[in-house]
Amino acid sequence: MTTGTMLIDGVPVSFEYGQTIMEAAMAAKIFIPHLCHHPEFTPQGSCKLCTVKASGRYVSACTMSAKDGMEVENNTPDLNDKRRTLLQMLFVEGNHFCPSCEKSGNCMLQALAYELEMLSPRFEQFFPNRPVDASHPDFLLDFNRCILCELCVRASRDVDGKNVFALAGRGIHKHLIVNARSGQLADTDFSLQDRAAHVCPVGVILEKRKGFAVPIGQRQYDETPIGQQMDELAARSAKAEE
Amino acid sequence: MDAMDAVAVKPKVRVATTSLAGCFGCHMSFLDIDERLLELVELVEFDRSPLTDIKHCGPCDIGLIEGGVCNSENVHVLREFRKNCKVLIAIGACAINGGLPALRNSFDIGRCLQEVYLTGLNVENGQVPNDPELPLPLDQVHPIHEVVRIDYFIPGCPPSGDAIWKFLTDLLAGRTPRLGHPLLRFD
């Protein structure tokens with residue numbers, strides 16, 4: 001297998017041809033902020049949190065192939081400023097009220113906001129009106145927190161073969177829907193065993209009666225910041241294979 | 001004469017605090033700095049605040065605002081603080097993004113008032129309160145940075161006493177206030 005070497009923030013990182021910048025960085029335990037990327041699924045580069053500067057150009061680290069001799073800027077004030085702005089736009093677009101969210105402490109959006117020291121939403125809140133779907137006996141869907149990463153869409157389509165979720169609408173009207181005539185999750189064959197039931201990085205797909213099994217303050221990102229959890233982030237695909 | 005005596009007493013930093021559409025949880029958390037309050041009062045004195053019961057804000061160095069903006073009185077108080085405080089700080093989730101009171105934003109305020117005061121169960125001879133003393137509710141609850149310019153934000157629901165202490169001591173010492181892990185929390 002042919003390999004090459006690139007520089008990420010001046011540190012030499014070797015990679016195998018065909019790997020993306022994100023894959024090579026993860027293998028080298030270098031943290032690049034991301035939301036829609038998941039090692040188990042085909043990257044789609046929609047959240048743009050993983051934007052890096054490769055040889056002078058802004059690119060998505062999760063979709064850009066690593067190239068020999070490439071110089072990548074990742075953890076720089078310029079890029080982190082832009083990433084923080086993206087987070088702020090995601091926060092004002094939905095209703096992200098952490099104190100009332102079961103996912104608080106396990107949420108990647110929140111963990112990244114901590115990591116990038118996002119202190120305010122900066123922009124005006126949209127306060128969208130998005131009713132929740134509590135029809136399913138085992139799951140609650142709270143669309144208020146959807147960031148359109150499509151991980152549930154990809155998992156349900158590519159792994160579960162069920163196509164339970166989809167994105168509908170365009171531009172600012174784009175939103176997550178459930179593929180059922182009624183639009184209700186209860187009218188699908190969605191189940192606890194689905195991969196899609198366990199990939200949501202935020203608090204949209206919530207298992208009922210499990211909300212506070214682990215208390216606030218003892219959760220995944222409470223103890224250790226996300227940027228120092230490279231092993232856990234990389235292990236997500238391995239966990240799925242078990 | 002002793003050299004120390006010649007040094008003029010350094011004027012204290014004047015601080016005002018208030019709670020708009022909040023629950024006073026952030027103020028309670030502020031009191032959670034416990035015995036460090038004694039250290040703090042060496043450095044600051046309080047203007048308008050629930051701690052002093054002063055009703056209107058005079059010229060201040062620092063203003064701490066808890067809670068979002070849910071009615072016309074909140075807007076007046078917030079503007080009074082902005083006018084008088086050199087540095088205005090949003091403290092807690094409600095001031096920063098509307099917080100819990102903003103959960104009403106997806107409901108129509110007119111229909112809410114009608115339901116509660118006119119058409120609701122067991123309401124007899126109801127009327128929507130309209131005493132001029134009562135501040136008018138806004139159609140939606142807003143974070144305070146949507147109404148006036150805010151200089152700093154301390155997130156949390158509420159921010160811990162340690163977070164507030166770290167922030168204020170940074171600011172009073174002339175450093176850029178910074179809340180790293182684990183003080184920076186949204187919940």
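In the predicted model, helix H3 (residues 36-43) of chain B and helix H7 (residues 161-172) of chain B have axes that come within 12 Å and cross at roughly 25 degrees. Helices (H or I, at least four residues) and strands (E, at least two) are DSSP runs, numbered from the N terminus. Axes are lines fitted to C-alpha atoms, for helices over the stretch in contact, with angles from 0 to 180 degrees between N-to-C directions. H3(B) and H7(B) are therefore roughly parallel to each other. Angles under 35 degrees count as roughly parallel, over 145 as roughly antiparallel, 65 to 115 as roughly perpendicular and the rest as oblique. The crossing of H3(B) and H7(B) is left-handed, a term for a near helix turned anticlockwise from the far one by less than a right angle, with clockwise being right-handed. H3(B) contributes Arg36(B), Glu39(B), Leu40(B) and Leu43(B) to the contact, and H7(B) contributes Asp162(B), Trp165(B) and Leu172(B). Contact means heavy atoms within 4.5 Å. By class, this contact of H3(B) with H7(B) has four nonpolar, no polar and three charged residues. Ala, Val, Leu, Ile, Met, Phe, Trp, Tyr, Cys and Pro count as nonpolar, Asp, Glu, Lys and Arg as charged, and the others, Gly among them, as polar.

In chain A, the axes of helix H2 (residues 77-93) and helix H3 (residues 108-115) come within 10 Å and cross at roughly 140 degrees. That makes H2(A) oblique to H3(A). Leu87(A), Leu90(A) and Phe91(A) of H2(A) meet Leu109(A), Gln110(A), Leu112(A) and Ala113(A) of H3(A). Six residues of the contact of H2(A) with H3(A) are nonpolar, one is polar and none is charged. H2(A) passes H3(A) in a left-handed crossing.

Cavities and pockets were located on a 1 Å grid over the protein atoms alone: a cavity is a set of points where a 1.4 Å probe fits but cannot get out, a pocket is an open set with protein on both sides within 12 Å along at least five of seven lines, and lining residues have an atom within 4 Å of a point. Grid points are joined across faces, edges and corners, and a volume is the space filled by probe spheres set on the points.

The largest pocket has a volume of about 920 Å³. Its lining has 28 residues, with Lys103(A), Asn106(A), His198(A), Cys200(A) and Gln220(A) nearest its centre. H6(A) supplies the largest share of this lining, five residues. The lining of the largest pocket divides into 14 nonpolar, five polar and nine charged residues.

The second largest pocket has a volume of about 560 Å³. Of its 33 lining residues, Asn95(A), His96(A), Phe97(A), Gly99(B) and Leu103(B) are closest to its centre. Helix H5 (residues 93-97) of chain B gives the most to this lining, with three residues.

Four cavities of 30 Å³ or more were counted. The largest cavity has a volume of about 110 Å³. Among the residues that line the largest cavity are Phe91(A), Leu109(A) and Gln110(A). The second largest cavity has a volume of about 90 Å³. Cys146(A), Cys149(A), Cys152(A), Cys200(A) and Val204(A) lie nearest its centre, out of 14 lining residues.

Residues are numbered from 1 along each chain as its sequence is written, and chains are lettered from A and ligands numbered from 1 in the order in which they are written. For this predicted model, local features need pLDDT of at least 70, side-chain atom pairs count only at pLDDT 80 or more, and totals for chains, interfaces and linings use all residues, while side-chain values use heavy atoms, with hydrogens and water left out.
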